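Take a look at the chain below. We will go through one part of it step by step, starting from a single side chain.

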Amino acid sequence: NHIQLTNLVYNLVKNGVDSLKFGKHDILLSRIYSKPIFNERYQMFKAKIDLHCHSEASSEPGIWLMKQIGCSESYTTPENVYKMAIDRGMDFVTITDHNSIDGVKEIAHYDNVIISEEITAFFPDKTSVHIVCLNISEHQHKEINEVRYNIYDLVNYLSKEDIVHFVAHPLFRTNGKLTWEH
C-alpha cells in the first residue's frame with residue numbers, strides 16, 4: 001500500500017539512497033542535483049524534471065467545483081509550460097495532462113521532452129485515482145486509455161510494458177470515495 005511505499009522511500013532517502021533502478025529506468029528519490037555520479041554497474045546522471053504539471057490540453061480537472069463551473073485544469077500553452085520549466089532550471093520537461101498526450105505532443109520536437117500523462121483510473125467500485133505514467137508512446141497512450149477503467153488491468157499493463165508510474169496525489173480523494181482499503 002502507498003503508506004508502506006511512502007515510508008520505504010522516506011527511509012531510503014534518509015539513509016542516503018538517491019535513486020533506484022527499476023528495469024531500464026532510474027527513479028530519483030531525493031532532491032535532484034545536476035552533478036553526475038557514477039556507479040560500478042552503470043553510469044547515472046541526475047537531472048531536474050517536474051513530473052506532474054498540466055497544460056491547457058488538460059480539460060478534465062480533478063476538483064468537483066472546477067468541473068461544475070467548466071474550469072480547465074490549466075490555461076498555459078504547452079510551449080509556455082516548456083519555457084517556464086527550462087527557465088526554472090529543468091533539464092527535462094514533461095506534461096501530464098488528464099487522459100491526454102495532446103499537450104505534450106506539441107512540444108515533443110524538443111530533445112529533452114518526455115511524453116507522459118495523468119490517467120484517471122477506477123477500482124471496481126468506481127472509486128477513482130490519478131496515476132501518472134511516464135515516457136509513453138502514442139500506442140501505449142491508446143492502450144492505457146482502454147484499460148484505465150479497471151485499475152488492476154491498468155497496473156498489469158503498465159508493469160508488462162515496463163512503464164514507470166505513480167499515484168499523482170495519494171491523499172486526495174478524487175471522487176470522494178477513496179479509503180485506506182483501496
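Leaving aside its neighbours within four places in sequence, which residues is L158 in contact with? This is a predicted model, and in it L158 touches I131, C133, I144, I163 and H165. Keep some of those names in mind. They come back soon.

Start with the sheet. Three strands form an open sheet in the order β7-β8-β9, and their pairing is antiparallel. The edge strands are β7, residues 117–122, and β9, residues 165–167. Each of these edge strands pairs on one side only. Neighbouring strands in this sheet are turned by 35 degrees against each other on average, with direction ignored.

Now follow the pairing. β7 and β8 are joined in the antiparallel sense over six bridges. Within that pair, A121 stands opposite V129 in β8. A hairpin links β7 and β8, with five residues between the strands. In this hairpin, K126 takes a positive phi near 75 degrees. On to the other pair. β8, residues 128–133, and β9 are antiparallel too, over three bridges. Here I131 stands opposite V167 in β9, and V132 stands opposite F166 in β9.

Is β8 mostly covered or mostly open? It is mostly covered, with six of its six residues buried. In a regular strand, side chains alternate between the two faces of the sheet. Look at both faces of β8. S128, H130 and V132 are buried on one side. V129, I131 and C133 are buried on the other.

Next come two helices. Helix α5 spans residues 138–147, and helix α6 spans residues 151–160. They pack at an angle of about 155 degrees, with their axes 8 Å apart. Angles over 145 degrees count as roughly antiparallel, so α5 is roughly antiparallel to α6. Which residues meet where these helices touch? From α5 come Q140, E143, I144 and V147. From α6 come D153, L154, Y157 and L158. The residues of this contact divide into five nonpolar, one polar and two charged.

α5 lies across β7 and β8, running at about 20 degrees to β7. α6 packs on the sheet and touches β7, β8 and β9. The direction of α6 makes about 10 degrees with that of β8.

Is N145 buried or exposed? Its relative accessibility is 18%, so N145 counts as buried, since the cut-off for buried is under 20%. What does N145 touch, not counting residues up to four places away in sequence? Its contacts are N99, E117 and I119.

Finally, turn to the core. In soluble globular proteins, nonpolar side chains tend to be buried together. The largest nonpolar core here has 24 residues. I131, C133, I144 and L158 have the most contacts inside it. Several elements each supply at least two residues of this core: α3 (78–87), β5 (93–95), β6 (113–115), β7, β8 and α6. Which element gives the most? It is α6, with four residues.

Now return to the starting point. L158 is in contact with I131, C133 and I144, among others.

Technical notes
Residues numbered from 1 in each chain as written. Predicted model: local features only at pLDDT ≥ 70, side-chain atom pairs only at ≥ 80, totals over all residues. Heavy atoms only, no water. Axes fitted to C-alpha atoms, helices over the stretch in contact; angles between N-to-C directions. Parallel < 35°, antiparallel > 145°, perpendicular 65-115°, else oblique. Contact = heavy atoms within 4.5 Å. Nonpolar A, V, L, I, M, F, W, Y, C, P; charged D, E, K, R; others polar. Pairing = 2+ DSSP bridges. Buried < 20%, exposed > 50% of the residue type's maximum accessible area, 1.4 Å probe, protein only. Core = buried A, V, L, I, M, F, W, Y, C linked by side-chain atoms within 4.5 Å.
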